[in-house]
Amino acid sequence: MRKILLIISFLSVYLFSNAQIDAIKIASAKKAFENKDYSIAISTLDEVTTAGRQNKMFDYYKGFSYYKLNQFDSAEVYLKKYLIKDINNTETAEALVDIDYQRKKLAVKEKDRLKYINNVYSFFGLHGDIKSFKETVIGEYGYKRSYEKVLDIVSCLMTYNDKRTYQITYTINYIGLIRKSEFTEVGGDSDSPITTYYEYKDNLQTKSSYRFCFNGDCNDYETVYSYDQNGFCIKSIYYKDQMKFVETTYTNNSLGLPTSSVAIKYNDSGLSISTNSNNYTYKYDTYNNWIEKVEVSSDGKTTMYYREIEYN
């Protein structure tokens, strides 16, 4: 009996030690990956035991390391394994991951549309293999936003007029769509974030909703979106406690960006109380991402938007 207990004890220590070593190696591979040492990341992961390879992040780092080295066949193998573990659906994962060899991009296939799994910034209307970007707005409500991505999280630091700072954290799903965002003031009185949830149909956002509480009073807000046959947003309706608050219609250019909008505001009785219209013009970079936007409102106010985009 004592001998059996000793064997069990030995095996437990052995397995625990291996688990610790695997965790250290995966963490080392993560660091190498973030430092763009992709070959080192792969060789480090090759030393992980069979048990450690059940960790989905093993497949994530190995897959994207191969992808960064243009070894697309190996990238596809490991990223499919990652998705199978992440969404627990082999058939869906097999359908989602593919390599577009002509463009040398890792692509997610959804019906007849392509979405890039390594570019969660597509939610913000950006194209290409983007590392990070900054947005500066100069106008009556000026602010600066700086976005960075780590795995499936996009972190945004926002400063209003260089005075108040807010943190926005976006959680991304496996095809690059935002599932939720959490908004909180840095150094503010409350640590409780405002959490917004997003709903989609055919990869188009249909609704966003959140609850805001102040001094014990809470209100529920949601925005519902409508699209044309091209998938361009043509209307959004903003509700407060299920009452229509603001209805906005859009006219878009060939890239799906609004060139004009008309917003109608309603009171608690459902009667329109004001109408405001805006016109927009853009300047683009070589990836067809806008880097400058000018917004002119019907009351003569001008707001300038600037983007600094860093590509991989």
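Lysine 244 sits over the face of tyrosine 266, 5.1 Å from the ring centre. The model is predicted.

The chain contains five helices and 17 strands. Of its 312 residues, 34% count as buried. Its accessible surface comes to about 18700 Å², and carbon and sulfur atoms account for 51% of this. Among contacts between residues at least 6 apart in sequence, 27% join residues at least 24 apart.

**Aromatic pairs**

The count of aromatic pairs comes to 16. One of them is formed by tyrosine 66 and tyrosine 78, which are stacked, with 5.9 Å from centre to centre and 20° between the planes. This pair links distant parts of the chain, since tyrosine 66 belongs to helix H3 (residues 56-68) and tyrosine 78 to helix H4 (residues 72-87), 12 residues apart. Tyrosine 66 and tyrosine 78 are both buried.

How are the rings of tryptophan 290 and tyrosine 305 arranged? Their centres are 6.5 Å apart and their planes stand at 90°, so the pair is edge-to-face. Here the link runs between strands: tryptophan 290 is in strand S16 (residues 290-297) and tyrosine 305 in strand S17 (residues 302-311), 15 residues apart. Tryptophan 290 is buried at 6% relative accessibility, and tyrosine 305 is buried with a relative accessible area of 13%.

Aromatic residues also group together: Phe33, Tyr38, Tyr60, Tyr61 and Phe64 form one cluster.

**Helix H3**

H3 has 13 residues and spans 18 Å from its first C-alpha to its last, close to the 18 Å expected at 1.5 Å a residue. Is this helix enclosed or open? Of its 13 residues, 11 are buried, so H3 is largely enclosed by the rest of the structure. The buried residues include Met57, Phe58, Asp59, Lys62 and Tyr67. After H3 comes asparagine 70, which has a positive phi, near 65°.

**Salt bridges**

Side chains of opposite charge can pair when their charged atoms come close. A search of the whole structure finds nine salt bridges, including those in the table.

| Salt bridge | Closest N and O atoms |
|---|---|
| Glutamate 34 and lysine 30 | 2.8 Å |
| Lysine 62 and aspartate 46 | 2.5 Å |
| Aspartate 220 and arginine 211 | 2.7 Å |

Glutamate 34 and lysine 30 are four residues apart in helix H1 (residues 2-34), which puts about one helical turn between them. An α-helix has 3.6 residues a turn, so residues three or four places apart point the same way. Glutamate 34 is partly exposed, with a relative accessible area of 47%, and lysine 30 is partly exposed at 29%.

The bridge between lysine 62 and aspartate 46 is placed otherwise. Lysine 62 lies in helix H3 and aspartate 46 in the loop between helix H2 (38-45) and H3, so the pair ties together parts that are 16 residues apart in sequence. Lysine 62 is buried, with a relative accessible area of 3%, whereas aspartate 46 is partly exposed at 40%.

In the bridge with arginine 211, aspartate 220 is partly exposed, at 34% relative accessibility. Elsewhere, salt bridges that share partners join Glu199, Lys207 and Glu222 into one network.

Conventions: Residues are numbered from 1 along each chain as its sequence is written. This is a predicted model: local features need pLDDT of at least 70, side-chain atom pairs count only at pLDDT 80 or more; totals for chains, interfaces and linings use all residues. Side-chain values use heavy atoms; hydrogens and water are left out. Rings of Phe, Tyr and Trp (its six-membered ring) pair if their centres lie within 6.5 Å; planes under 30 degrees apart count as stacked, over 60 as edge-to-face and the rest as tilted. Helices (H or I, at least four residues) and strands (E, at least two) are DSSP runs, numbered from the N terminus. Buried means under 20% relative accessible area, exposed over 50%, partly exposed in between (1.4 Å probe, protein chains only). A charge sits over a ring if NZ of Lys or CZ of Arg is within 6 Å of the ring centre and within 35 degrees of the ring normal. Contact means heavy atoms within 4.5 Å. Accessible areas come from the Shrake-Rupley method with a 1.4 Å probe; for residues, only the protein chains shown count as cover. The expected span of a helix is 1.5 Å times one less than its number of residues. A salt bridge is a side-chain nitrogen of Lys or Arg within 4 Å of a carboxyl oxygen of Asp or Glu.
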